[in-house]
Amino acid sequence: MSRVAILGAGLSGLVAAHGLRRALGPKMEIDIYESADRVGGQLHGVPVAGRPTDVGAEAFVLRRPEARELVAELGLHDEVVVPTGARPAVWAHARLNPLPSPAWMGIPATADAVRGLVDDVDAARMEREPGRPLNWSPGSDCSLGELVADRFGPSVVARSVDPMIGGVYACLAVDTGVRAALPALARLLDEGAPSLTAAVAALLPAPGEARAPVFGALRGGYRRLVDALVESAAAHLYLTRPVGPVRRVGAAWEVDGHGYDGVVVATPAPVAARQLAAVAAVSADGLRGIATASSAVVAMAVDPATPLPERSGVLAATGEELARGVSADPVKAITLSSRKWAHYAADSGVAGGGAPRVRASFGRLGQPVTATDGELIATASAALAQVCGTSAVALVDAVVQRWPDGLPCYAPGHNGRIDGVIAGLPAGIAVAGSAYRGVGVPACIGQARAAAAAVGAHLAAR
């Protein structure tokens, strides 16, 4: 009988446990160690005005197969819901502006898509861009912000690209590498796209082509997925149990004083670096070089009379964050959850007098969240009033969820760094989490499956 330790009971750790159980059967012993007092990591919901509300990850990308396949495996396919079709807005020039479209991750496809939002000189720069030589070496990497600023202008970065990147990676486009964050764009540039305009156009659906929903969520919230994974993994859970360095003992590994045949390290990069230091020094060094950003979410239920915009949410342009000056931590985005998701609208009874739900997001790389909970709630309320065009909004309930060092930032060269981290791991140890091949739910599922497969292959070969 084999015995495996999994460090971290977030999505990645639970998916790895689920994969190992399916592959190696009921006799395998799986122990999951988690420093917190609950499972799920950033897949976390809390009651807001008596209704469960996700305060970490909210949705998953449907275009990637990993989340869809996992949901189907767990019998939750019928619980998948898609957004209502309401479009987001960008807060810039002290007003709501439509999110540029057509665009790819905030990179506009045409100057018309951003006219009136960006500076006139940059709109003109966009129009001329296809005629300018593009200097890109296949296999190279650079800052997404620098690339777009050079080709389209800095105001396009600040008012279109940054709002999107900040929502996904909690850092600005200038801090983000093209190759890791937008691999499809890097591939087209490698293949010889003559301009950024041409590359973005190639990523978009053809004119007239039906557009499938981009995002999905679970009607009952991510708690449904977490509970199903725990049941499927049938592992021993050790909560409030932080784990120190993994150590080699003969042909086995020692974790928390116990011997194991394999280990999956599914903790955030700074923690994983400490846990791997004694058995994979090169990998640990690579993980220490990954910067992380802290963030916070304020989940609110508001008075039904609040004049919420007919938008799915509002993203703030760089330098024009919402409620600036109310506290040291400005709001970078507001999700109008009951506008965005029909199941939230039905649950909260938006049309029938219930309390609509809204989320406000704080924090970016280099901008740690320092305000108190009360200050964050006051700032979130002021930001919501700002986008609603009112002097104040009445809150029915509000909950603060903090995510210290919760999001890794994919700097230029990130993929090469991760290649080195994985190459430096000894047989029988694998890594999973958002620090490696993508921060979204599908990417984390894919990396966790790969980690489970690597450990499973090691066990089978013994």
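Is Arg 159 buried or exposed? Arg 159 counts as buried, with a relative accessibility of 13%; here buried means under 20% relative accessible area, exposed means over 50%, and partly exposed falls in between, using a 1.4 Å probe and protein chains only. The model is a predicted one, so local features need pLDDT of at least 70 and side-chain atom pairs count only at pLDDT 80 or more, while totals for chains, interfaces and linings use all residues. Residues are numbered from 1 along each chain as its sequence is written, and side-chain values use heavy atoms, with hydrogens and water left out.

Salt bridges come next. A search of the whole structure turns up 24 of them, a salt bridge being a side-chain nitrogen of Lys or Arg within 4 Å of a carboxyl oxygen of Asp or Glu. Arg 159 takes part in one with Glu 320, where the closest N and O atoms are 3.8 Å apart. Glu 320 sits in the loop between strand 18 (313–316) and strand 19 (331–335), whereas Arg 159 belongs to helix 5 (residues 154–169), so this pair ties together parts 161 residues apart in sequence. Helices (H or I, at least four residues) and strands (E, at least two) are DSSP runs, numbered from the N terminus.

Another salt bridge joins Arg 449 to Glu 73, with 3.0 Å between the closest N and O atoms. This pair links distant parts of the chain, Arg 449 being in helix 16 (residues 441–461) and Glu 73 in helix 2 (residues 65–73), 376 residues apart. Arg 449 is partly exposed at 26% relative accessibility, and Glu 73 is partly exposed at 32%.

Helix 2 also has a buried set, made up of Glu 66, Ala 67, Leu 70 and Val 71. These residues cover an arc of only 125 degrees around the axis, which puts them on the same side of helix 2; the arc is that of the directions from the helix axis to the C-beta atoms. What do the buried residues of helix 2 pack against? Their partners are helix 1 (11–24), strand 5 (60–61), strand 6 (80–81), strand 11 (215–218), helix 9 (223–233) and helix 16, with contact meaning heavy atoms within 4.5 Å. Just after helix 2, Gly 75 takes a positive phi of about 75 degrees.

Helix 3 (residues 120–128) can be described along similar lines. Its buried residues are Asp 122, Ala 123 and Met 126. They span an arc of only 105 degrees around the axis, and therefore lie on the same side of helix 3. On the other side of helix 3, Asp 120, Val 121 and Arg 128 are exposed. The buried residues of helix 3 pack against strand 10 (107–108), helix 4 (144–152), helix 5 and helix 8 (196–203).

A cis peptide bond joins Ser 101 and Pro 102, with omega at about 5 degrees. Pro 102 is found in the loop between strand 8 (95–98) and strand 9 (103–104). Ala 94, a residue other than glycine, has a positive phi near 60 degrees. Ala 94 is placed in the loop between strand 7 (89–92) and strand 8, and is exposed, its relative accessible area being 61%. Asp 256 is not a glycine either, yet has a positive phi of about 55 degrees. The loop that holds Asp 256 runs between strand 14 (252–255) and strand 15 (258–260).

Asp 256 also has a charged partner: its side chain meets that of Arg 241 in a salt bridge (2.9 Å, N to O). The two are 15 residues apart, with Arg 241 in the loop between strand 12 and strand 13 (247–249) and Asp 256 in the loop between strand 14 and strand 15. Both ends are partly exposed, Arg 241 with a relative accessible area of 29% and Asp 256 with 31%. Elsewhere, salt bridges that share partners join Arg 3, Glu 29 and Asp 31 into one network.

Asp 31 turns up again around His 236. His 236 lies in strand 12 (residues 236–238) and is partly exposed, at 40% relative accessible area. Which residues does His 236 contact, leaving aside its neighbours within four places in sequence? Glu 29, Ile 30, Asp 31 and Ile 32 are the ones in contact with His 236. The side chains of His 236 and Asp 31 make a polar contact (3.0 Å), that is, a pair of N or O atoms within 3.5 Å; within protein, one must be able to donate a hydrogen and the other to accept it, and residues adjacent in sequence count only if both atoms are side-chain atoms. The C-alpha atoms of His 236 and Ile 32 are separated by 6.1 Å, although the two residues are 204 apart along the chain.
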